[in-house]
Amino acid sequence: VFNTQVRALARKIRSTGLKSVVVGVSGGLDSALCLIVAAEAFDLLKLPRNAVRAYTMPGFGTSRRTRSNASALCGELGIPVETIDITAACRRHLKDIGHDGTTPDAVYENAQARMRTMVLLDKANMHEALVLGTGDLSEIALGWCTFGGDALSHFGVNAGVPKTVVRKVCAWWAAKHASKTMADIVATPVSPELVKGQTTEEKIGPYELHDFFLWKMLKEGAKAPAALRAAISAFKGKYAPQDVRKTFGIFRSRYNSQAFKREAMPPGIDVFGIEFAGKL
């Protein structure tokens, strides 16, 4: 998976003629994978790693752990990192549009994701660079991203990699390079950190279930009843049947209702040959 991503990104960079990329790093799994793929792709192209420009953009819910890991991983890779705190800018924007600036609703969350994307796009203009998208296949399938925010980039490096595989690749890389920083990123609960204490799987259910449904239905072509039965059997003893059914309901509901986000997605790297179908 890693090598496929590296070769595809190198090919994309070569075809554009650009010599730089920008990446928003959060200290989470997806941006960590994007960053190590970018470093390896630049090595393959014999371009300096300092042409990979990383930006941490702490906001309302950013934790000390993820902020520290983002900077530490960049240091390990020899990639320059700049911190741009978006808190004040987001507060001004929320005030401008009449939001109270404290209610943690969709506006409060999405304003941060869109502010970060604006920063990355503007930085890309400054440095004649590509913005690398970090969103993974699971997030794209579920629409677990912000329209006009993190769903937007020039090239989706992780677009073909399910979240569970992102974690496995990062764990493999951590072991290969004896990286305590990457190991801690792998151990960090998945969260967009738009609100303090926010964790994704508490809200939408386990990613390993979502990825199981994704593979069964979109890769193998299983119908909904068969995919659900297979999941209940495969995860017997780990998840109660009612919890599997609840997560399956979330998977189908979000997959169908969030299709408009997939239709506006940038090009990305295909890894497993999974194609999004119509309604499930």
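The structure is a predicted model, in which local features need pLDDT of at least 70 and side-chain atom pairs count only at pLDDT 80 or more, while totals for chains, interfaces and linings use all residues. Residues are numbered from 1 along each chain as its sequence is written, and side-chain values use heavy atoms, with hydrogens and water left out.

**The sheet**

- Five strands form an open sheet with parallel pairing, in the order β3-β2-β1-β4-β5; strands (E, at least two residues) and helices (H or I, at least four) are DSSP runs numbered from the N terminus.
- The edges are held by β3 (81–83) and β5 (155–156), and because each has a single partner strand, one side of each is left without a neighbour in the sheet.
- Strand β4 (residues 130–133) pairs with β5 in the parallel sense over 2 bridges, where pairing requires that DSSP finds at least two bridges between two strands.

**The nonpolar cores**

- The largest nonpolar core has 71 residues, of which L9, L35, L132 and M182 touch the most other members; such a core is a set of buried Ala, Val, Leu, Ile, Met, Phe, Trp, Tyr and Cys residues joined through side-chain atoms within 4.5 Å.
- Helix α2 (residues 29–44) supplies the largest share of this core, 11 residues.
- Another core, of 15 residues, lies apart from it and includes Y55, M57, F60 and C90.

**Residue T181**

- T181 lies in helix α8 (residues 180–187) and counts as buried because its relative accessibility is 12%.
- Leaving aside neighbours within four places in sequence, T181 is in contact (heavy atoms within 4.5 Å) with N69, A72, L73 and E76.
- The side chains of T181 and E76 make a polar contact at 2.8 Å; a polar contact is a pair of N or O atoms within 3.5 Å, and within protein one must be able to donate a hydrogen and the other to accept it, with residues adjacent in sequence counting only if both atoms are side-chain atoms.

Technical notes
Buried means under 20% relative accessible area, exposed over 50%, partly exposed in between (1.4 Å probe, protein chains only).
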